[in-house]
Structure formats: structure tokens, C-alpha cells
Amino acid sequence: MNIVVLKESMPDEWRVALMPESVRKLVGLKASVYIESGAGVSAARSDDDYREAGAQSSKDRDALLESADVLVAVNKPPDDVLAKLRQGTVVIGFLRPLDEPAALQPALNHGLTAFSMELIPRITRAQSMDALSSMATVAGYKAVIVAAERLPRMFPLLMTAAGTVPPAKVLVGGAGVAGLQAIATARRLGAVVEAYDVRSAAGEQVRSLGASFLEVDLGGIKTEDAGGYAVELSEEALKRGRDLIAERATTNDVVITTAQVPGRRAPLLLTEEAVYRMRPGSIIIDLAASTGGNCALSRPDETIDVNGVTIMAPLNLPATVPVHASQLYSRNLTSFLSSLIKDGELHLDMNDDVVGPSCVTHQGQWMNKRVAEAVGAAG
Ligand code: NAD
């Protein structure tokens, strides 16, 4: 069974799908791993590192694709790559099935079996495969580092001979995986942190990290589903959260927003008016830009200045920490891929409660109901 890793094609993508430590594991499962020459360089892994781990490297991309039984990737491979794969080849990566379902039509047309890391259910058995959480962890950490670098102040409280320097104040909107990591990182740098989330269960986690939790009276409505995710709220409930954030943002130096509702546009947390009320020199890092943004003024992948407030809306922060982001992703991917390998051969059990739900296309069929509906192919 041949597993192929190419160099990622997307601009500013420095991650690689498999790191050498994972290659070792897969070779131990009797798979053969082939890596495109240079694929790991931006994640500080040379072709020699891969060869030592048991992979073979090649510069001949077309030959690699023709021989692949499985193509593993970080981002959805370009259409010309998919077109060179044999029918029935398995493709695994962040395929954005709910954000850009139509872009997966070529995978369907070529008869590929596509698995999307975003669709892996968050059940206990699949925790080691949860790449969304891994990348949210990296993004939450890096958002604070970017903010600290940009902020014209220091983060920690300092008592110096020249007087006291007060600590930076950080407000985090959305206390899921990314938000909690942002809180932990900002606390480690010495900031005073407060956070808001519509799920009251997040309060305990926020407080355990040494931050304060902002309570909003949402009238006792249901704010989360059975899976622990936020649900879409009424306009009135959203407004109460927004009003509180607008008020608190005037006293904070940094606002990091991470609020998302799966399958929906990101909720608006910071209005234009709220931004104009913030102090000059403040920083907003909007981590929800890929799903529409939490700040009314953020522009995807741009840094703008509004009345002295810097607004950044990075789309791919995990790629800017390529070694650890690749390491975590590679482990998640390998955990999933290992579950598809029996006696060195691919064994796809679509009735499995992790394999089935994460499959998007198989034998010319849309396998996921939500994706099929999104492309208008649901029958
Ligand atoms: P996410 O990226 O979908 O959303 C981020 C956060 O935004 C969530 O905490 C959500 O409640 C919050 N949010 C949504 N609308 C908001 C609004 N209007 N105002 C303020 N906050 C808002 O979520 P995530 O970080 O991927 O995870 C969320 C939940 O899933 C958490 O309970 C987490 O513990 C749980 N989780 C479980 C597993 C697992 O069981 N394997 C893995 C990861 C996460």
C-alpha cells in the first residue's frame, strides 16, 4: 500500500501532512511511504530525515501520484493533482467540505474516496484524530504572540526603579479550544484576562486558567447542542453579548475573538461602533475570518488600522508555526489512517462510526448528507 505526501501547493502554507515520526509508525504497519522531495523543508524536516524514518523521496510528482493508494495532504489538493490519481485512490486532508463543497466535485468525478479531517466526529474514540482541536490550539497560542508583538505595551506587570508598568488587559470572545489556549498563553505572559462565551460551561474552564468569566443574562435559553457546541442564538441574545463586549473592549488592550457556530456564519461580536469606542493602540485579532469574522471591520488575511486600532484577521495562523502544527496534524492524520489499515492493506469500513461520517466521496457518490445537500445532490 503506497502512501504519498506532496509538498503543499497553497501559498504561505508551511505545514506538511506527515512528519518523519509518523512515517515510522506507518512503515511499522507495513505501508510504503513516498514523499515529494522537499515536502518537509518548511517544517524543518529534510528528505534525509524522511529516508531515515523509512520513506522514499522522489522529485517525480506525476509518478508519485500514479502510484498512490492514499494521498495525504494538509489542504485540499489542486484539481490537476486529483486528476492524476487512479480511480479509487483515498485522499485525506482538510477538504473544507462544508465551506466549499462544490470544489470537491473533481474528487467525485474521478471516483476518489475523499476523507475530510473536519468531519471526524468528536467522540472519545476519535480524540487522537481531532485535527481541528490541534490547529485551534496552535491558532489560539499564536494569536496572543502576534498581538504581543504588535501591541505598543508590554504584557507583564513590572515593578522597576522607574516605576510600575501595569499588565496588559486581554479580552477573549469565544472560549472554545482556541479561546482557552489564547487565555492560557496571555496569562503566561502576565496579562490580566477576561473572557466571554455563550456556553456557561466554559465559565469554569476560563476561571481555572486564572481569567475572569463575563456573565451575560441570556434569559436561560439553550446555548449549546448535545455535542457541546454553541447553537445559533436569537438576535436579542446575540445583542446582549455584543453590548457587553463593546463595553469591556473600551478597557482592554487586546481583543481576541474566536467565536464560531459549526456550519454557520461566525457571530458578530464587535460592531463598527464598538471598534470606534476602543482606545488607540489597541489590537483586535479576529480568528473567525474564514467563516465571516467576529468583527464587522475585519478583512480576511489583512491588517488594517481603524482610528488607531489595529485589526488583524489571519486566515492560517497554524501554518506560521509549521513544526508543531505539522507534528500535531501528522499525529492526528496517522491515528485516522492507521484505523484504515489492516495487515498492510487498506480496509474501508463505511459502517464504522468514525470512518463513515468523515467520508465525503466514495465510488462516485456523495457520502455525507450535509455536503450532498450543499452541492444540491441530495436525493
Ligand atoms: P468552535 O470553534 O465551534 O467555537 C468556538 C467558541 O465560540 C465556542 O466555545 C462557542 O461556544 C463560542 N461561541 C459561539 N457563538 C458565540 C457567541 N455569539 N458569543 C460568544 N461565544 C460564542 O468550538 P470548538 O472550540 O471547536 O469547541 C467547542 C466545544 O467543543 C467545547 O465545549 C469543547 O470543549 C468541545 N470539544 C470537544 C472535543 C471532544 O470531545 N473530542 C474536542 C474539541 C472540542
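**Sheet**

I began with the open sheet of 8 strands, whose order I read as β3-β2-β1-β4-β5-β6-β18-β19, with mixed pairing; I take strands as DSSP runs of E of at least two residues and helices as DSSP runs of H or I of at least four, both numbered from the N terminus, and two strands pair if DSSP finds at least two bridges between them. I noted β3 (56-58) and β19 (365-366) as the edge strands, each of which pairs on one side only. I then looked at strand β18 (residues 359-362), which runs antiparallel to β19 and is joined to it by 2 bridges; the bridge partner of T361 in β19 is W366.

For the record, this is a predicted model, in which local features need pLDDT of at least 70 and side-chain atom pairs count only at pLDDT 80 or more, while totals for chains, interfaces and linings use all residues. Residues are numbered from 1 along each chain as its sequence is written, and side-chain values use heavy atoms, with hydrogens and water left out.

**Hairpin**

I next looked up strand β14 (residues 303-306), which pairs with strand β15 (residues 309-312) in the antiparallel sense over 4 bridges, T303 standing opposite M312 in β15. I found 2 residues between the strands of this hairpin, and N307 takes a positive phi near 60°. The covered face of β14 holds I304 and V306, whereas T303 and D305 make up the uncovered one.

**Helix α1 and what follows**

In helix α1 (residues 20-28) I listed P20, S22, V23 and L26 as buried, where buried means under 20% relative accessible area, exposed over 50% and partly exposed in between, with a 1.4 Å probe and protein chains only. The buried residues pack against β1 (2-5), β2 (32-36), α2 (47-52), α11 (322-338) and β16 (341-342), a contact being heavy atoms within 4.5 Å.

I followed the chain into the loop between α1 and β2, where L29 lies; L29 is partly exposed, with a relative accessible area of 33%. Not counting residues up to four places away in sequence, L29 touches S338, I341 and G344. After α1 I also noted K30, whose phi is positive, near 70°.

**Helices α6 and α7**

I recorded that helix α6 (residues 131-150) and helix α7 (residues 177-188) pack at an angle of about 40°, with their axes 7 Å apart; axes are lines fitted to C-alpha atoms, for helices over the stretch in contact, and angles run from 0 to 180 degrees between N-to-C directions. The contact is made by S133, A136, T137, G140, Y141, V144 and I145 of α6 and by V177, A178, Q181, A182, T185 and A186 of α7.

I finished with T185, which has its place in helix α7 and is buried, with a relative accessible area of 5%. Leaving aside neighbours within four places in sequence, T185 is in contact with Y141, V144 and I145.
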